[in-house]
Amino acid sequence: MGLRTPVSAVALVAVCALATTACSSTAKSATAAATPTTAATVASAAKTAAGSHLATACSRPHRSGQWSQSFTYKSKQRTYLLYVPTSYTGTTRVPLVFNFHGWGSNATQQMLLANFGPIADKNDFLVVAPNRQDGGGRHWSFSESGGFQNDITMVGALLKRLEGSLCVDAARVYATGMSDGGAMTAVLACTSSNTFAAFAAVAVVIYCGAPHTRAVPIESYAGSKDPIVPTNGGQVTCCGNPTLPSKASTMAKWAAHDACKAKYTDTRIKPHVVRRTWTGCKAGSASVYYLVEGDGHTWPGGPSSGSLGNATKEISASKLIWKFFAAHQLPS
């Protein structure tokens with residue numbers, strides 16, 4: 001299914017089971033699982049960054065453009081693409097957006113799909129797109145099983161590497177992704193809310209039960225005619241045919257997690273796009289759900305696909321995601 005193939009059955013089971021397990025444990029263990037540092041260290045770093053990120057001196061120059069890079073994580077080479085905007089000076093701390101690809105896809109395809117480059121140039125933020133693991137893995141892994149690394153802890157290590165080589169504002173690190181990358185984004189919302197400031201999931205969103213996780217800013221995008229992962233809930237049409245709840249009900253769970261009022265408001269922002277918002281959410285959080293009527297398993301504003309369906313040009317998910325991210329940073 002290529003560029004935008006959704007989560008495999010194994011991945012879906014892993015996402016729901018492993019993420020739920022992680023989010024049902026203590027806050028300390030869940031945060032520790034998300035990064036190679038302790039929960040206390042992460043919380044302290046987040047608090048410091050949120051309060052003084054603009055004042056902290058930085059001198060980490062880097063040429064602009066898209067760069068293919070790698071690093072060694074637990075004795076294995078992991079690869080990623082890094083986009084450095086033309087506005088980057090290496091002296092001012094800037095936001096960082098993690099951009100996760102879908103099942104069976106890769107970093108190159110995801111960078112093309114989301115096309116954050118022009119937005120990053122204009123708004124001065126970095127973009128990193130990690131690659132899935134070599135050795136036949138077609139999806140993100142949420143545990144060290146089957147010979148695969150835990151990609152949640154890998155992301156923590158990659159973030160640490162980028163913070164050491166670039167002027168990254170630790171209070172403004174964000175996660176987004178397509179399909180399985182959307183699931184990865186939601187898992188990070190469950191396990192790493194003290195590291196990432198806000199989240200945006202496209203085509204797939206899950207709620208894994210996170211009673212100890214802070215109230216988070218999260219939004220998601222869905223096409224009403226998604227032929228792969230039914231937007232109204234039901235059986236996925238590939239990958240072992242697991243059954244998933246509706247995307248709207250999943251976002252309602254995130255809204256409840258954020259202590260929003262149960263009643264929501266639907267606003268038609270474009271002829272075929274409805275934005276659902278909840279009010280009364282806990283300070284610093286937000287839950288937003290975009291339904292694109294007639295769209296398939298696609299990235300709004302990106303390319304359409306014959307087998308995966310239409311992609312609207314009425315909105316750009318990438319522009320809206322950045323606007324959402326720019327409004328949030330880690331609480332002090």
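Visitor: Which residue in strand 5 is the bridge partner of phenylalanine 98?

Guide: Alanine 175. Strands here are DSSP runs of E, at least two residues, and helices are runs of H or I, at least four; both are numbered from the N terminus.

Visitor: What am I looking at, and how are things counted?

Guide: This is a predicted model: local features need pLDDT of at least 70, side-chain atom pairs count only at pLDDT 80 or more, and totals for chains, interfaces and linings use all residues. Residues are numbered from 1 along each chain as its sequence is written, and side-chain values use heavy atoms, with hydrogens and water left out.

Visitor: How many bridges join strand 3 to strand 5?

Guide: Six, and the two strands run parallel. Strand 5 covers residues 168–178. Two strands pair if DSSP finds at least two bridges between them.

Visitor: What about strand 3 and strand 4?

Guide: Three bridges, again with parallel strands. Strand 4 is residues 126–130. Valine 97 stands opposite valine 127 there.

Visitor: Is strand 3 buried or exposed?

Guide: Mostly covered: seven of its seven residues, 94–100, are buried. Buried means under 20% relative accessible area, exposed over 50%, partly exposed in between (1.4 Å probe, protein chains only).

Visitor: Which residues have the most contacts inside the largest nonpolar core?

Guide: Leu96, Phe98 and Leu162, in a core of 56 residues. Such a core is a set of buried Ala, Val, Leu, Ile, Met, Phe, Trp, Tyr and Cys residues joined through side-chain atoms within 4.5 Å. Apart from that core lies another, of 36 residues, including Tyr83 and Trp299.

Visitor: What does leucine 96 touch?

Guide: Not counting residues up to four places away in sequence, its contacts include Leu126, Leu159, Leu162, Arg172 and Tyr174. Contact means heavy atoms within 4.5 Å.

Visitor: New topic. Which residues other than glycine have a positive phi?

Guide: Serine 179 is one, at about 60°. Serine 179 lies in the loop between strand 5 and helix 7, and is buried because its relative accessibility is 0%. Alanine 203 is another, with phi near 80°. Alanine 203 sits in the loop between strand 6 and strand 7, and is buried at 3%.

Visitor: And where is serine 141?

Guide: In the loop between strand 4 and helix 6. Serine 141 counts as buried, at 8% relative accessibility.

Visitor: What does the side chain of serine 141 reach?

Guide: The backbone oxygen of serine 143, at 2.8 Å. Leaving aside neighbours within four places in sequence, serine 141 is also in contact with residues including Gln133, Phe148 and Asp151.

Note on methods. A polar contact is a pair of N or O atoms within 3.5 Å; within protein, one must be able to donate a hydrogen and the other to accept it, and residues adjacent in sequence count only if both atoms are side-chain atoms.
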